[in-house]
Amino acid sequence: MQTIGLIGGMRWESSSVYYEMLNRGVQERRGGLSSARTVMTSVDFAEVDALQRAERWDDVAAVLTAAAQGVERAGADFLLLCTTTFHRVADQVAEAVDVPVLHLADVVADAVRAQGLDQVGFVGTSLAMSRSFFLDRLRSHGLTVHVPGAHHHEELDAIIYGELVHGRVLDSSRRTVVGLLEELWDAGAGGVVLGCTELEQLVRQADAELPLFPCTSLHVAAALDRALA
């Protein structure tokens, strides 16, 4: 089994989901008392959040690069960034280490293409929806990507940062997000990417008529495939 390196803390709640899912996945695949070989470092979310709000992305990259190098030195065979939004600096992190970084967008795009789709919707934080770093990586796989209109971005941020990260899962917010999924379907999307861990807590496949692609679950499954190959 390879050792999985985790760059967490963005936020710690989603990082704990990665850790739990990886260990449950190894147990299911290997049985018995098996658990995942992992090395994790957790950054201070307040620090990197303040940097990204100030558009100081080189400083964000410096923090995450130092974290990645520490995980590499600790014995990781490959790395996961336990975040969607901060994949904004994934290429800089990948250039600074000698082990592979399993890019979330590549994993998601492979899952979408495996279902025969060439158009997909994307919902996540306003930064992930309004900037090109993640969407363009999806598009590099031949996908057309639809996002909710800009007037919905603040609404989604309020649900993610104001509710879900604090453990508040509200039916009213679920209905709001399901309504957005239907709008993306009308726009031509054949499925929708749930672009942050917190949204996976709010919306399940049973809530939607079109296929959902939960980023964290897909990232973990790809990491397990690699670690246990």
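Which exposed residues does the face of H9 turned away from its buried side carry? They are Asp171, Arg175 and Asp186.

The structure is a predicted model, in which local features need pLDDT of at least 70 and side-chain atom pairs count only at pLDDT 80 or more, while totals for chains, interfaces and linings use all residues. Residues are numbered from 1 along each chain as its sequence is written, and side-chain values use heavy atoms, with hydrogens and water left out.

View A. Helices are DSSP runs of H or I with at least four residues, strands are runs of E with at least two, and both are numbered from the N terminus. Buried (under 20% relative accessible area, 1.4 Å probe, protein chains only; exposed is over 50%) are Ser173, Arg174, Val177, Val178, Leu180, Leu181 and Leu184. Down the axis of H9 these buried residues fall within an arc of 155 degrees (taken from the directions from the helix axis to the C-beta atoms), so they line one face of the helix.

**View B. The cover and the end of H9.** Among the elements covering the buried residues of H9 are strand E4 (119–123), helix H8 (153–162) and helix H10 (197–202). Glycine 188, with a positive phi near 120 degrees, follows H9.

**View C. The crossing of helices H5 (residues 104–114) and H11 (residues 215–227).** Their axes, lines fitted to C-alpha atoms over the stretch in contact, come within 9 Å and cross at roughly 95 degrees. H5 is therefore roughly perpendicular to H11, a term for angles of 65 to 115 degrees. In contact (heavy atoms within 4.5 Å) are Leu104, Val107, Val108 and Ala111 of H5 with Cys215, Leu218, His219 and Ala222 of H11.

Note on methods. Axes are lines fitted to C-alpha atoms, for helices over the stretch in contact, and angles run from 0 to 180 degrees between N-to-C directions. Angles under 35 degrees count as roughly parallel, over 145 as roughly antiparallel, 65 to 115 as roughly perpendicular and the rest as oblique.
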